[in-house]
Amino acid sequence: MSVDAVPTTPTHQQLPACFGFFNGKGGVGKTSLCANTGGLLAAGGYRVLLLDFDPQANL
């Protein structure tokens, strides 16, 4: 799938209202996974709010 194939308007699928990425271990990619998932959803036309509760607050 190319980047050009990303829809510009959201489909009317039922998505969960909230996603959570958590793991007690550091350095496993939680922030990267969250940022990239949010970016892809936003590029697909969805409204996205990302919150970072990690003390480092890198998001």
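The largest pocket is lined by 34 residues, and those that lie nearest its centre are Phe19, Phe21, Cys34, Leu50 and Leu51. Here a pocket is an open set of points on a 1 Å grid over the protein atoms alone, where a 1.4 Å probe fits, with protein on both sides within 12 Å along at least five of seven lines; lining residues have an atom within 4 Å of a point. About 860 Å³ of space lies in this largest pocket, a volume being the space filled by probe spheres set on the points, with grid points joined across faces, edges and corners. Its lining divides into 18 nonpolar, 11 polar and five charged residues. In that division Ala, Val, Leu, Ile, Met, Phe, Trp, Tyr, Cys and Pro count as nonpolar, Asp, Glu, Lys and Arg as charged, and the others, Gly among them, as polar.

Please keep in mind that this is a predicted model, in which local features need pLDDT of at least 70 and side-chain atom pairs count only at pLDDT 80 or more, while totals for chains, interfaces and linings use all residues. Residues are numbered from 1 along each chain as its sequence is written, and side-chain values use heavy atoms, with hydrogens and water left out.

Now to the backbone. The chain has one helix and zero strands, both taken as DSSP runs (helices H or I, at least four residues; strands E, at least two) numbered from the N terminus. Helix α1 covers residues 30-43, and its 14 residues should span 20 Å at 1.5 Å a residue, which agrees with the 20 Å between its end C-alpha atoms; the expected span is 1.5 Å times one less than the number of residues. Just after α1, Gly45 takes a positive phi of about 100°.

Ala35 is found in helix α1 and is partly exposed, with a relative accessible area of 30%; buried means under 20%, exposed over 50%, and partly exposed in between (1.4 Å probe, protein chains only). Leaving aside neighbours within four places in sequence, Ala35 is in contact with Leu50 and Leu59, where contact means heavy atoms within 4.5 Å.

Ala57 has a positive phi of about 50° although it is not a glycine. Most residues other than glycine have a negative phi.

Finally, of the 59 residues of the chain, 5% count as buried.
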